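Subject: Structure handover

Hello,

Here is the structure for you to look over. My notes follow below.

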Amino acid sequence: MNFELLTLNLAQAAADEADFLLVLVPDAFKPERGVLSQMIDDALKAGELESKAGKLLPAWRVTGVAAPRLILAGAGDGSARQVRAALLSAMASVKAASARRLTVCFTAACSGHVLRAAMLAIAEATYVYTTTQSKPEGRNLRSVRMGVPDSVTLADAFAQGAAVVAGIELAKEWANRPANHATPSLLA
């Protein structure tokens, strides 16, 4: 899976042409200008969306949003644990939709720990073992764009997160192989 880091606000996220747009809405959400921001603000005021981690509001073909599928996901206090819970809840819908390109938009500033936790949650939720399967059906999700308010300050954390995801997936591949495919000489 390819991860990409970019600076993205809600107006830019609405114009992004991914298969699926996932917007993380923390307790401290502050509305901006734009269709998507207004939609989030209206949903919060109406009680249709809660900012509690794991609460979801799915939408399809929203006017003013380029992505055909949209999920607004409550991210609680915006901590790594809360963001992870939100993403694990939302990824079931992303997998069911067989999305190939996902854009995840953080509506508030996040730390490197939060970004890494988000990347790990997405990788964990979409991992599929296919190496020795006779009819492998791998993950559909190919590209994940992580949109944050300021990508420059998170570049190192993003690189670390991508490396950790690659390492974990390599370890999972070898751990899932049968004994005749994971002999000591191959593991060495």
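A residue counts as buried when its relative accessible area is under 20%, as exposed when over 50%, and as partly exposed in between. Keep in mind that the model is predicted.

**Cysteines**

Start with Cys105. Its relative accessible area is 0%, so Cys105 is buried. Cys110 has 17% relative accessibility, under the 20% limit, and therefore counts as buried too.

How many disulfides are there? A disulfide needs a pair of cysteine sulfur atoms within 2.5 Å. By that rule the count is zero. Cys105 takes part in none, and the nearest cysteine sulfur to it, that of Cys110, is 10 Å away.

**H3 against H4**

Helix H3 covers residues 80-96. Helix H4 covers residues 112-126. H3 and H4 pack with their axes 9 Å apart, at an angle of about 30 degrees. Angles under 35 degrees count as roughly parallel. H3 and H4 are therefore roughly parallel to each other. Their crossing is right-handed.

Which residues meet here? On the H3 side they are Ala80, Val83, Arg84, Leu87, Leu88, Met91 and Lys95. On the H4 side they are His113, Val114, Ala117, Ala118, Ala121, Ile122, Glu124, Ala125 and Thr126. By class, the contact of H3 with H4 has eleven nonpolar, two polar and three charged residues.

Lys95 is worth a look of its own. It is found in helix H3. Lys95 counts as partly exposed because its relative accessibility is 45%. Setting aside neighbours within four places in sequence, Lys95 is in contact with Ala125 and Thr126. Both of these are among the H4 residues that meet H3. Lys95 and Lys172 are 77 residues apart in sequence, and their C-alpha atoms are 19 Å apart in space.

**H4 against H5**

Helix H5 spans residues 155-176. The axes of H4 and H5 come within 9 Å and cross at roughly 30 degrees. That makes H4 roughly parallel to H5. The crossing of H4 and H5 is right-handed.

From H4, the contact takes Gly112, Leu115, Arg116, Met119, Leu120, Ala123 and Glu124. From H5, it takes Ala157, Phe158, Gln160, Gly161, Ala162, Val164, Val165, Ile168, Glu169 and Lys172. The residues in the contact of H4 with H5 divide into ten nonpolar, three polar and four charged.

Glu124 links the two pairings. It is listed in the contact of H4 with H3, and again in the contact of H4 with H5.

**Two positive phi values**

Which residues other than glycine have a positive phi? Arg61 is one of them, with phi near 50 degrees. Ser98 is another, with phi near 55 degrees.

Arg61 lies in the loop between strand S3 (56-60) and strand S4 (69-74). With a relative accessible area of 55%, Arg61 is exposed. Ser98 sits in the loop between helix H3 and strand S5 (101-106). Its relative accessible area is 41%, so Ser98 is partly exposed.

**Thr130**

Where is Thr130? It is in the loop between H4 and strand S6 (143-148). At 23% relative accessibility, Thr130 counts as partly exposed. Leaving out neighbours within four places in sequence, its contacts are Pro136, Glu137, Gly138 and Glu173. Thr130 and Met146 are 16 residues apart in sequence. In space they are 26 Å apart, C-alpha to C-alpha.

**Asp41**

Is Asp41 buried or exposed? Its relative accessibility is 13%, so Asp41 counts as buried. Asp41 is placed in helix H2 (residues 35-46). Not counting residues up to four places away in sequence, Asp41 touches Phe29 and Pro31.

Best wishes

Notes: Residues are numbered from 1 along each chain as its sequence is written. This is a predicted model: local features need pLDDT of at least 70, side-chain atom pairs count only at pLDDT 80 or more; totals for chains, interfaces and linings use all residues. Side-chain values use heavy atoms; hydrogens and water are left out. Buried means under 20% relative accessible area, exposed over 50%, partly exposed in between (1.4 Å probe, protein chains only). Axes are lines fitted to C-alpha atoms, for helices over the stretch in contact, and angles run from 0 to 180 degrees between N-to-C directions. Helices (H or I, at least four residues) and strands (E, at least two) are DSSP runs, numbered from the N terminus. Angles under 35 degrees count as roughly parallel, over 145 as roughly antiparallel, 65 to 115 as roughly perpendicular and the rest as oblique. A crossing is left-handed if the near helix is turned anticlockwise from the far one by less than a right angle, and right-handed if clockwise. Contact means heavy atoms within 4.5 Å. Ala, Val, Leu, Ile, Met, Phe, Trp, Tyr, Cys and Pro count as nonpolar, Asp, Glu, Lys and Arg as charged, and the others, Gly among them, as polar.
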